[in-house]
Amino acid sequence: MAKKDEKSHKNAPLIGIDIGGTGIKGGIVDLKKGKLLGDRFRVPTPQPATPESVAEAVALVVAELSARPEAPEAGSPVGVTFPGIIQHGVVHSAANVDKSWLDTDIDALLTARLGRPVEVINDADAAGLAEARYGAGEGVKGTVLVITLGTGIGSAFIFDGKLVPNAELGHLEVDGVDAESKASAVARERDGLSWDEYSVLLQRYFSHVEFLFSPELFIVGGGISKRADEYLPNLKLRTPIVPAVLRNEAGIVGAAVEIALQHKLTK
């Protein structure tokens, strides 16, 4: 009987939460398809975004999702993303949230607040995991690098479908400067670059990363992945490079995948 119960819990829907600098979004994730069941729910990120205020906002989102007919069973684990380096559940960097997060055990904080198991993963890692599992990287063996071009440059390092966490490839030095200071989407707008001019910077960046890691595939995410036809055709690389597929839902899906993997609720 225990075996049967165990099996019925595999791939059951789970809640994923994506904490961002401006919004906290959540959804109920179908782990078989990597899609949301119903609409996502969003609340503004509190200002200042302290651990206590963010924990309250996360609890609000989880309560809303848990009240839905398609909600996972009460007490099921929740996966959460955070915009910073997370190691063993502890925050080691905090770019767009309050500095009081540094050295906070975010897993313990949210587990206590929600009264159910919570595991937190870096936001770019979560998006990369989702993209490798259900998106453009599905079924690709070897190294897949998911690079997000936004406020900075986020990255996820996937090998044989498994995440190697906290790869901060946006901070590689290219031409003597931090790559994201020149090649992020925000840097393109700040410097008023045309797509052709921006492509030159992306070429330098991706060539460097390609030389270091020889990946099987690059996947480009972030807001400007919608404009991928403006710059991807200009890049000359050995490695195939394609736009991300999951877009805005990738973080939520990846958070749910990570918690499912940690609790052996999916393969």
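Here are a few exercises with worked solutions on the pockets, domains and strands of this predicted model.

Residue numbers start from 1 along each chain as its sequence is written, and side-chain values use heavy atoms, with hydrogens and water left out. As the model is a predicted one, local features need pLDDT of at least 70 and side-chain atom pairs count only at pLDDT 80 or more, while totals for chains, interfaces and linings use all residues.

**Exercise 1. Find out which residues and elements line the largest pocket.**

Step 1: On a 1 Å grid over the protein atoms alone, a pocket is an open set of points with protein on both sides within 12 Å along at least five of seven lines, and lining residues have an atom within 4 Å of a point.

Step 2: take the volume, which is the space filled by probe spheres set on the points. For the largest pocket that comes to about 1300 Å³.

Step 3: go to the lining. There are 40 residues in it, and Asp123, Ala124, Thr148, Gly150 and Thr151 lie nearest the centre.

Step 4: H4 gives the most, with 4 residues.

Step 5: sort by class. Ala, Val, Leu, Ile, Met, Phe, Trp, Tyr, Cys and Pro count as nonpolar, Asp, Glu, Lys and Arg as charged, and the others, Gly among them, as polar.

**Exercise 2. Work out where the largest pocket lies relative to the domains.**

Step 1: look up the domains, whose bounds come from an automatic or database domain assignment. The assignment gives domain 1 (14–123 + 249–263) and domain 2 (136–244).

Step 2: check the spacing. The C-alpha centres of domain 1 and domain 2 are 25 Å apart.

**Exercise 3. Describe the second largest pocket.**

Step 1: its volume is about 380 Å³.

Step 2: 16 residues line this pocket, with Arg133, Asp160, Gly161, Lys162 and Lys267 the closest to its centre.

Step 3: H4, strand E10 (162–164) and H8 each give two or more residues to the lining. H4 gives the most here, with 3 residues.

Step 4: by class, the lining has 6 nonpolar, 3 polar and 7 charged residues.

**Exercise 4. Decide whether E2 is enclosed or open, and find its partners.**

Step 1: look at each face. Gly23, Lys25, Gly27 and Val29 are buried on one side, and Ile24, Gly26, Ile28 and Asp30 on the other.

Step 2: find the partners, given that two strands pair if DSSP finds at least two bridges between them. E2 pairs in the antiparallel sense with E1 over 6 bridges, and with E3 (residues 35–44) over 7 bridges. Val29 is the bridge partner of Leu14 and stands opposite Leu36 in E3.

Step 3: check the turns. The E1–E2 hairpin has 3 residues between its strands; the E2–E3 hairpin has 4, and Gly34 takes a positive phi near 70° there.

Definitions and conventions:
1 Å grid on protein atoms, 1.4 Å probe; cavity = no way out; pocket = protein on both sides within 12 Å on 5 of 7 lines; lining within 4 Å. Buried < 20%, exposed > 50% of the residue type's maximum accessible area, 1.4 Å probe, protein only.
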